[in-house]
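Good morning, colleagues. I would like to speak briefly about charged side chains, beginning with their pairing and ending with the surface.

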Amino acid sequence: MSTAGGRWRVPESGQLFEVQFHTQASLDAKEETHGAYEQIRSLPDNDAEVSRLHAYQREVTAKVPTPPGAPGIPDYP
């Protein structure tokens, strides 16, 4: 998926937070697959449904184009 951003940890509390920068296409894909994300979080890792939901997420996000210049961002996935 074409999302730039990063994860940081607050030194004093250890709280992890994430910032994402979306294109319209990546935000649409995120919103489309959010239900699958929630289901994955509620299932045990070894549940067969998890594999199917991950495959669905990959199928949707594979269609999101990488914005020009994004690969030049340090630590871009």
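In this predicted model, the side chains of Glu-49 and Arg-52 meet in a salt bridge, with an N to O distance of 2.5 Å. Both residues lie in helix H2, which spans residues 48-61, and because they are three residues apart, about one helical turn separates them. As for accessibility, Arg-52 counts as partly exposed, since its relative accessibility is 46%. Glu-49 is likewise partly exposed, at 27%.

How many salt bridges does the structure hold? There are two. The other pair is Arg-7 with Glu-18, whose closest N and O atoms are 2.7 Å apart. Is Arg-7 buried or exposed? With a relative accessible area of 59%, Arg-7 is exposed, because the threshold for that class is over 50%. Glu-18, at 40% relative accessibility, counts as partly exposed.

Let me turn to the surface. Four acidic residues, Asp-28, Glu-31, Glu-32 and Glu-59, gather there in a patch of negative charge. Which element supplies the largest share of this negative patch? That is helix H1, residues 24-42, from which three of the residues come. Glu-31 is found in helix H1, and its relative accessibility of 53% places Glu-31 among the exposed residues.

Notes
Residues numbered from 1 in each chain as written. Predicted model: local features only at pLDDT ≥ 70, side-chain atom pairs only at ≥ 80, totals over all residues. Heavy atoms only, no water. Patch = residues over 30% accessible without salt bridge, like charges linked within 9 Å, V, L, I, M, F, W, Y side chains within 5 Å. Areas by Shrake-Rupley, 256 points an atom, 1.4 Å probe, with all protein chains shown as cover. Lys, Arg positive; Asp, Glu negative; His and termini not counted. Charge placed at Lys NZ, Arg CZ, Asp CG, Glu CD. Helix = DSSP H or I, 4+ residues; strand = E, 2+ residues; numbered from the N terminus. Buried < 20%, exposed > 50% of the residue type's maximum accessible area, 1.4 Å probe, protein only.
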